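Q: Please take one part of this model and look at it closely, residue by residue. After that, I would like a careful account of how other parts are arranged.

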Amino acid sequence: MGVQGLKTYIESSNRNDLRSWAFRDKRLIIDGCNLYYSLYFDCNLDQMHGGDYDAFEKLIIKFFENLAACDISPYVVLDGGDDHTDKKFDTVMKRKQQKIKDAYALSMGKRGRVLPTLIKNVLRQLLLKLKVPLVQCLEEADWEIAALAKKWNCPVLSDDSDFYIFNLRAGVLPISHFQWKKVKVDKRTNKKIIQAKHFTLGKFCASFKMNADLLPIFASILGNDYVKLRNIKYPNWEKYSVPGMENARIDGMLRWLSQFPGPGEAVSALLKFTDNEEKVTVQEALLMGIKEYKLISGSLAQFFDSKAIPQQALTGPLQVLPKWTLKPLLEGRMSSSIIDVLVHQRVSLTPQVENFQLTCSNEISRPIRQVIYGLLLLGGKQTENKQALADKAVTGTSKRYVDEYGRQNLRLSNQKVEAIKTKVMEELQLETLYEEPHVVRLQVFLDTLGVSSAMLSGIPRDLQLQMFVTRYWLVNAQPQACQVHLWGLLLGMVYGKLSSKTKSDMLLRLKKLQTGRGRIYLEDEAAHLYSQWQSCLKWSLNLNRLLLDPLFNPECARLYRGTLVHRVVGELRRGIALESLLMRGSRAEQLFKQLKDAIVSLVGEDFIKNMKTGLEKTQSGYKGQNQPIDDVSSHFEHLMDEDIDDNEDDLNGGNKAKGHKTEISDCLIPIRTRHKAKVRNPGNPSKKYERRCFD
């Protein structure tokens with residue numbers, strides 16, 4: 001991400017490009033995607049078990065509380081859809097391939113970096129709840145962030161080195177040097193501050209006596225997300241470097257460029273290293289690189305101030321977006337995936353830690369996505385655009401398709417997926433979808449998840465969406481989930497629902513499991529099934545938002561805590577009775593029963609009885625299915641008697657591992673099993689898979 005090697009060079013020991021700043025009482029533009037990426041990984045939160053969203057939520061809350069304590073006014077900007085020019089498409093695809101490799105490495109107990117699939121949903125929901133000013137751009141955010149920082153003359157908080165190239169007078173605060181966890185008091189003013197490091201382009205260029213307009217050329221030579229220069233026979237940059245520099249190549253490149261008064265002369269000099277037949281291509285690439293970093297007035301300031309819709313959304317390629325979707329998109333209330341569907345007819349699926357011997361876990365949610373594609377591409381005006389005509393020319397029909405980029409085995413692959421309509425969608429048009437009665441929009445959702453309207457009764461409104469998703473998951477999961485997987489998931493929901501509100505010890509037993517220091521075994525069967533469930537939840541949430549919330553939108557951070565859920569499955573597999581994990585008569589037990597009854601009402605008692613218990617085989621062999629509570633209570637006592645500090649720092653998510661190596665080697669042991677994958681029918685949202693379980 002950013003300019004290759006530049007951040008390392010700036011932070012090297014023989015440079016002095018970062019200056020200390022006691023930061024307070026200013027506006028701060030925050031690169032939102034960089035923020036959640038940095039905080040999640042820097043604080044060693046769970047990756048292998050699907051994520052600990054409530055621990056991430058606590059991090060974000062504390063982050064913005066500390067900004068407020070220092071009178072810092074944050075403005076968060078998130079990426080939206082891919083740029084309509086596709087200038088970063090190759091880079092995005094290469095990163096997606098790397099994430100697949102990282103997810104596989106994590107599934108094998110090795111190192112990797114994979115963000116949980118719902119992390120952006122959690123952040124958006126939380127920022128809206130905290131009333132932190134937020135804009136989700138319609139395309140890439142970097143340029144808009146820089147333009148806003150220039151207009152407001154305030155710094156950008158980001159570790160993306162592209163911001164070192166933009167000519168920002170107020171500079172950049174790298175997140176990795178932003179000490180937000182430790183708010184200090186300035187002894188001179190007696191006011192709270194956050195100690196930070198500060199980069200300014202002016203001081204950096206002054207150290208080379210360089211024209212700042214030359215830095216975009218430097219970024220293009222070095223390699224960034226926008227320009228990849230090839231076929232240039234570069235000189236030996238090291239010979240221009242000051243002796244003893246840690247990165248002589250970058251240092252030499254900067255010093256070579258500093259001899260030129262402006263970009264024109266530098267481009268002419270670079271073309272001398274290029275073969276004649278390549279000169280035009282290289283010159284165009286260099287000029288494009290210069291243009292990428294040229295700042296003019298952006299649109300974010302107006303939206304932050306008055307919610308004015310950017311002009312770019314009303315003209316050009318983005319005018320394909322219906323006007324009623326623009327405000328919720330910009331406010332972060334609607335998934336940016338709809339932009340990619342409408343503008344590019346493609347979707348990039350998030351890699352997860354799962355069983356890589358099986359079909360990608362995102363396959364299960366494809367029928368949900370197909371309905372989303374149908375709403376977006378098969379309604380009214382959308383069928384008349386150029387892409388529709390192109391599809392018709394290729395297929396001979398008026399069907400519409402979306403390119404889905406996911407994984408096949410360990411490789412990034414793409415597949416054309418047909419947009420579909422359910423019966424109730426036949427007369428719907430995207431341009432007027434927001435005018436449809438609630439009952440119609442609700443029926444689209446229910447039909448997609450294979451739920452009848454009669455099933456709504458008896459299930460509390462705030463539980464309906466996650467229960468319908470869980471039903472869809474149980475019916476369609478491949479392989480079939482066992483009872484231990486269902487109970488583990490529901491217990492995780494109980495913990496999420498009550499942990500932030502309940503101060504009594506009714507959750508003590510689950511908390512002991514959550515904060516226990518024992519090993520968490522990573523069963524690829526559980527990992528795959530829970531990845532399927534998260535994929536179903538993510539796309540159901542996206543569908544619900546597109547339909548303007550016919551169902552209550554649950555808080556994502558409360559629905560899944562990976563380490564707890566996997567611990568529960570491990571305990572149940574060992575023969576621990578379900579009843580021993582909840583205090584009798586407690587609110588937690590009542591909520592669990594409510595969730596269990598809801599699922600039984602949705603799938604039927606026979607379905608639950610016919611599910612394998614998951615106790616048939618454990619790490620130590622086969623177990624009986626009906627072990628009495630008294631026989632296992634002595635084993636469970638060790639969990640209750642552990643000397644666990646309930647006030648342990650939440651920033652560590654209940655895990656005191658110092659880094660990824662310790663976390664993986666001491667806590668996370670993968671268990672491999674073999675399974676056969678079965679191809680599902682993508683055309684029927686409610687079609688059952690053959691019920692199967694891991695043996």
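A: In helix 19, the residues Leu486, Trp487, Leu490, Leu491, Met493, Val494, Lys497 and Leu498 meet Arg587, Ala588, Leu591, Phe592, Leu595, Lys596 and Ile599 of helix 23, where contact means heavy atoms within 4.5 Å. Sorted by class, this contact has twelve nonpolar, no polar and three charged residues; Ala, Val, Leu, Ile, Met, Phe, Trp, Tyr, Cys and Pro count as nonpolar, Asp, Glu, Lys and Arg as charged, and the others, Gly among them, as polar.

Before going on, note that this is a predicted model, in which local features need pLDDT of at least 70 and side-chain atom pairs count only at pLDDT 80 or more, while totals for chains, interfaces and linings use all residues. Residues are numbered from 1 along each chain as its sequence is written, and side-chain values use heavy atoms, with hydrogens and water left out. Helices (H or I, at least four residues) and strands (E, at least two) are DSSP runs numbered from the N terminus.

Helix 19 covers residues 483–499 and helix 23 covers residues 587–603, and the two pack at an angle of about 130° with their axes 9 Å apart. Axes here are lines fitted to C-alpha atoms, for helices over the stretch in contact, and angles run from 0 to 180 degrees between N-to-C directions. That angle makes helix 19 oblique to helix 23, because angles under 35 degrees count as roughly parallel, over 145 as roughly antiparallel, 65 to 115 as roughly perpendicular and the rest as oblique. The crossing of helix 19 with helix 23 is right-handed, a term used if the near helix is turned clockwise from the far one, whereas left-handed means turned anticlockwise by less than a right angle.

Another helix pair can be read in the same way. Helix 14 (residues 337–344) and helix 15 (residues 366–377) have axes that come within 10 Å and cross at roughly 55°, which means that helix 14 is oblique to helix 15. This crossing of helix 14 and helix 15 is right-handed. The contact is made by Ile338, Val341 and Leu342 from helix 14 together with Tyr373, Leu376 and Leu377 from helix 15, and by class it has six nonpolar, no polar and no charged residues.

Helix 8 (residues 215–222) shows how a helix can sit inside a structure. Eight of its eight residues are buried, so helix 8 is largely enclosed by the rest of the structure; buried means under 20% relative accessible area, exposed over 50%, and partly exposed in between (1.4 Å probe, protein chains only). The buried residues of helix 8 pack against helix 1 (6–10), helix 7 (201–206), helix 9 (248–257), helix 10 (263–271) and helix 11 (279–292). Glycine 223, which follows helix 8, has a positive phi near 110°.

The strands can be followed next. Strands of a sheet pair through backbone hydrogen bonds, either parallel or antiparallel, and two strands count as paired if DSSP finds at least two bridges between them. Five strands form an open sheet in the order 4-3-2-5-6, with parallel pairing. Strand 4 (134–136) and strand 6 (172–173) stand at its edges with a single partner strand each, so one side of each has no neighbour in the sheet. Strand 2 (residues 27–31) pairs with strand 5 (residues 156–157) in the parallel sense over two bridges, and isoleucine 30 stands opposite leucine 157 in strand 5. Helix 6 (residues 142–152) packs on this sheet, touching strand 2, strand 3 (73–78) and strand 5, and its direction makes about 175° with that of strand 2.

Strand 2 and strand 3 pair in the parallel sense over five bridges, with arginine 27 opposite serine 73 in strand 3. Strand 3 also pairs with strand 4 in the parallel sense, over three bridges, and there valine 76 stands opposite leucine 134. Five of the six residues of strand 3 are buried, so strand 3 is largely enclosed by the rest of the structure.

Three strands form an open sheet in the order 1-8-7, and here the pairing is antiparallel. Its edge strands are strand 1 (19–23) and strand 7 (184–185), each of which pairs on one side only. Strand 7 pairs with strand 8 (residues 192–198) over two bridges in the antiparallel sense, and lysine 184 stands opposite isoleucine 193 in strand 8.

As background to these parts, the protein has 26 helices and 13 strands, and 58% of its 695 residues count as buried.
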